[in-house]
Number of protein chains: 2
Amino acid sequence: MLTYELGKNKYYSLYSHIREDILNGRIKAGEKLPSKRSLAQNLGVSVITVQTAYDQLLAEGYIFSRERSGYFVADVNVDFYGNKAVESPIVLGQRSYAVDFVKGSAPAELFPFSYWAKLMRNVLSDCGEHLLERVPCDGDGELKAAIAGYLYRVRGITVDPRYIIIGAGAEQLYGVIVQLLGRDKVYAVENPGYKNIAEAYRLNGAEVVCANVFSDGVNPAEWDNWGADILHISPSHHFPTGAVTPASSRTALIARAAERGGYIVEDDYDSEFRLSGRPLQTMYGVSSDRVIYVNTFSKTLAPSMRMGYMVLPPVLYAEYIKLFGNNAGVVPLFEQKALARMINEGALERHINRLKNYYRSVRGILLQKIGSLACPHEVSETGSGLHFTVKFPTAESDSQIKSVAARASINVRCLSDYLLQPREDCSLTAVINYSGVTREQAACLDIKNLV
Amino acid sequence: MLTYELGKNKYYSLYSHIREDILNGRIKAGEKLPSKRSLAQNLGVSVITVQTAYDQLLAEGYIFSRERSGYFVADVNVDFYGNKAVESPIVLGQRSYAVDFVKGSAPAELFPFSYWAKLMRNVLSDCGEHLLERVPCDGDGELKAAIAGYLYRVRGITVDPRYIIIGAGAEQLYGVIVQLLGRDKVYAVENPGYKNIAEAYRLNGAEVVCANVFSDGVNPAEWDNWGADILHISPSHHFPTGAVTPASSRTALIARAAERGGYIVEDDYDSEFRLSGRPLQTMYGVSSDRVIYVNTFSKTLAPSMRMGYMVLPPVLYAEYIKLFGNNAGVVPLFEQKALARMINEGALERHINRLKNYYRSVRGILLQKIGSLACPHEVSETGSGLHFTVKFPTAESDSQIKSVAARASINVRCLSDYLLQPREDCSLTAVINYSGVTREQAACLDIKNLV
């Protein structure tokens with residue numbers, strides 16, 4: 001029989017005890033709870049107290065009742081978070097693979113957690129109640145300054161910190177961009193590309209068109225075909241093709257944007273991971289009037305770090321303040337202060353260097369193994385970012401490539417999976433995104449006998 | 001002369017030292033920095049090292065240069081965050097008053113900061129690297145469960161925790177609502193009301209119409225005049241009128257929403273602050289099919305706590321997962337875990353009770369002082385929320401009321417300031433919002449001789 005020491009508020013204390021026992025697994029899913037009367041007797045409380053505690057557990061989904069048989073413990077990992085009752089794409093179709101070239105979060109063990117935890121403790125004691133102050137709509141000034149310094153050191157761009165906007169991740173910033181530039185505008189996104197980007201613009205009510213990406217990025221001469229006002233691209237390293245936009249195209253694209261009174265959204269999502277050679281110049285560095293620079297810390301820190309930022313042309317910053325000046329910022333001051341310190345102490349750059357070394361060796365192992373494949377294959381690799389592509393010209397189809405891989409417990413997608421609009425010239429090419437692959441997984445990968 | 005012990009990376013170390021000295025005020029705004037040559041000599045480094053450090057400080061706005069006179073320290077509190085150069089409504093027109101009935105954040109000293117800091121430390125050590133995991137798009141399950149329990153205890157509603165969505169504050173959630181219900185729908189908001197609400201819907205591309213609020217809230221019979229699909233109201237306590245929507249209107253409004261295939265957005269923003277009597281039932285409790293319940297923790301915790309939540313009808317939750325299932329949640333796991341604990345430990349409710357006691361006494365002092373005013377006045381107070389209204393039937397105009405108050409260093413607005421559409425019947429009424437007023441300020445308030 002459940003026996004607890006109950007506090008002053010008896011029903012609540014009883015409720016909390018049972019709840020904790022369910023969450024800790026001390027009372028198992030499916031287990032029957034004692035009857036109200038017997039538990040009341042055992043604890044020396046009224047039946048109503050037990051009834052109230054049970055009612056609340058019931059309301060919160062920790063237990064369920066069966067007519068005439070009493071109360072039973074629910075499976076809190078399933079029913080409670082509801083993923084069974086409502087169809088949820090998050091949990092459906094998840095299977096675990098030996099190597100996953102689709103998902104993209106950095107191995108957690110690389111994150112300097114104890115340093116980060118210390119930093120947070122220091123921020124707590126140093127900033128104290130200042131952390132409770134309203135967050136400025138464009139972000140904490142200290143973080144903005146730190147990011148300006150970071151961009152200067154890492155990307156070689158001189159950015160006026162005031163024009164930086166801190167947001168809760170990239171998708172949130174795309175929404176802000178639509179609100180800023182207008183949903184009557186046409187937004188061109190890269191094809192193939194991240195579907196989330198097109199989705200974010202569409203969800204915010206904008207019309208989205210596709211700009212095809214070739215080996216040297218999008219073609220400025222096609223701008224009129226797109227009919228776009230705004231072009232969203234990742235010129236330094238395109239996902240998934242790996243294309244790099246050459247300088248001549250960049251200036252041409254900026255010129256086209258200027259002609260149309262539009263803008264370039266420069267998505268610099270993985271530029272930190274240039275694994276060989278010098279990083280490429282940014283488009284924002286070429287024109288801070290026509291380019292909105294966007295980046296996040298999800299790749300460099302952790303996907304849970306919901307922090308991104310964009311650098312706006314001065315005119316748009318003024319517009320931003322006009323529109324959002326009355327709103328509070330969306331990222332807690334606490335995380336902003338901690339990240340500012342991490343940047344200022346140089347720890348972010350040290351962490352990125354560690355990551356780069358790590359990924360360089362993962363890439364090396366993968367390239368070597370793929371190189372020894374018996375079947376014809378063409379690797380396309382630009383020394384940048386965390387992915388490359390491999391074309392299998394003699395494969396039957398994209399689905400064959402994926403199913404052969406799946407049989408070896410490898411999760412992989414093809415270029416065609418990232419198409420937003422059909423294209424003929426994107427077939428038989430696997431996308432090797434190794435951002436979530438550990439060195440051990442790469443080393444254990446056995447693909448010699450794959451056909 | 002500035003003298004520093006420089007680290008291995010000389011330019012960066014020099015930059016950091018100077019930067020820190022500027023931020024700490026050891027080098028004051030306007031102060032001239034030593035010439036590059038003399039500083040280089042003093043530190044035994046090359047002129048280029050000093051130049052590079054100065055360049056970066058310049059790029060980041062810590063210093064500025066004057067032709068032929070050298071480098072000077074910028075006023076980092078003003079220029080640096082840029083609010084002077086770009087017109088910003090945030091800083092313009094801010095004046096400090098002895099008593100401010102317009103701004104609305106709870107006195108910071110009431111927040112149990114040391115408890116909160118302890119909680120965060122505990123979360124850091126208990127959850128460890130789990131904090132780095134991707135945040136579910138609808139929020140952390142533990143926090144969702146905690147909120148369900150909280151709503152049960154505090155608002156008497158039984159909410160299935162899975163249908164709760166955690167967002168980064170109310171405005172962000174309004175955006176999600178538009179994306180969920182569609183921007184082709186018409187959204188009715190209360191007039192007078194919070195302009196931010198209408199603004200958030202508009203920014204997200206929705207058409208916004210006004211629903212006039214009377215002493216018993218909005219009138220269901222007017223629904224057809226509004227032509228709305230969605231009605232956003234705060235039925236428990238309307239800001240700024242204080243109107244409470246009676247049960248009969250509530251069911252009628254839900255029925256009208258159902259007829260039109262629309263929804264009610266129930267904004268329960270300050271229901272925790274019912275200072276006398278029992279809290280009113282929620283509309284979500286009446287119909288969880290047609291009502292979206294929205295609330296935040298900005299009023300109860302701190303404005304920097306960018307966390308809000310909404311409870312969706314099951315159908316809309318499924319739709320939410322379909323649209324946003326691939327996105328990560330926008331609120332850091334860290335804050336979500338800490339808040340879940342605060343709720344589960346009962347500390348949030350204890351804190352709210354402390355706040356209620358505090359505000360009750362602020363309200364008492366204010367009502368007593370206003371009651372002794374010599375001029376005719378009618379107080380309208382429903383024992384709920386953190387504001388009430390006072391009508392001055394013999395005042396000349398709203399501006400007269402405000403200017404008389406301003407002369408006594410009181411910042412106050414009138415009902416008409418919160419009108420989104422002109423109305424004749426909202427004049428000569430001051431809105432006394434005391435959520436940001438301390439007991440001391442209330443006690444010192446001297447309004448006896450105001451005319």
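How many salt bridges does a search of the whole structure find over all chains? The search finds 33 salt bridges over all chains, a salt bridge being a side-chain nitrogen of Lys or Arg within 4 Å of a carboxyl oxygen of Asp or Glu. This is a predicted model, in which local features need pLDDT of at least 70 and side-chain atom pairs count only at pLDDT 80 or more, while totals for chains, interfaces and linings use all residues. Residues are numbered from 1 along each chain as its sequence is written, chains are lettered from A and ligands numbered from 1 in the order in which they are written, and side-chain values use heavy atoms, with hydrogens and water left out.

**Chain A as a whole**

- Chain A contains 15 helices and 16 strands; helices (H or I, at least four residues) and strands (E, at least two) are DSSP runs, numbered from the N terminus.
- The C-alpha atoms of chain A occupy a box of roughly 85 × 60 × 40 Å along the principal axes.
- Of the 451 residues in chain A, 58% are buried, where buried means under 20% relative accessible area, exposed over 50% and partly exposed in between (1.4 Å probe, protein chains only).

**Salt bridges**

- E349(A) and R153(A) meet through their side chains in a salt bridge of 2.8 Å, N to O. E349(A) belongs to helix α13 and R153(A) to helix α6 (residues 141-155) of chain A, so this pair ties together parts 196 residues apart in sequence.
- D160(A) and R162(A) form a salt bridge of 2.9 Å, N to O. D160(A) is partly exposed at 24% relative accessibility, whereas R162(A) is buried at 15%.
- K322(A) pairs with E319(A) in a salt bridge whose closest N and O atoms are 3.5 Å apart. Because K322(A) and E319(A) are three residues apart in helix α11 (residues 314-324) of chain A, about one helical turn separates them.
- A network of salt bridges links D224(A), R256(A), E259(A) and R260(A).

**Aromatic pairs**

- Over all chains the structure holds 35 aromatic pairs. Rings of Phe, Tyr and Trp (its six-membered ring) pair if their centres lie within 6.5 Å; planes under 30 degrees apart count as stacked, over 60 as edge-to-face and the rest as tilted.
- The ring centres of Y358(A) and Y359(A) are 6.2 Å apart and their planes stand at 85 degrees, so this pair is edge-to-face.
- Y359(A) also forms an edge-to-face pair with Y434(A), at 6.2 Å centre to centre and 65 degrees between the planes. Y359(A) is in helix α13 (residues 347-371) and Y434(A) in the loop between β16 (429-433) and α15 (439-444) of chain A, 75 residues apart.
- Ring pairs join F273(A), Y358(A), Y359(A), F388(A) and Y434(A) into a cluster.

**Interface between chains B and A**

- In chain B, 80 residues are in contact (heavy atoms within 4.5 Å) with 79 residues of chain A.
- The two chains bury about 6,500 Å² between them, 63% of it on carbon and sulfur atoms; buried area is the accessible area (1.4 Å probe) that two parts lose on being put together, summed over both.
- Between chain B and chain A the count of salt bridges is zero.
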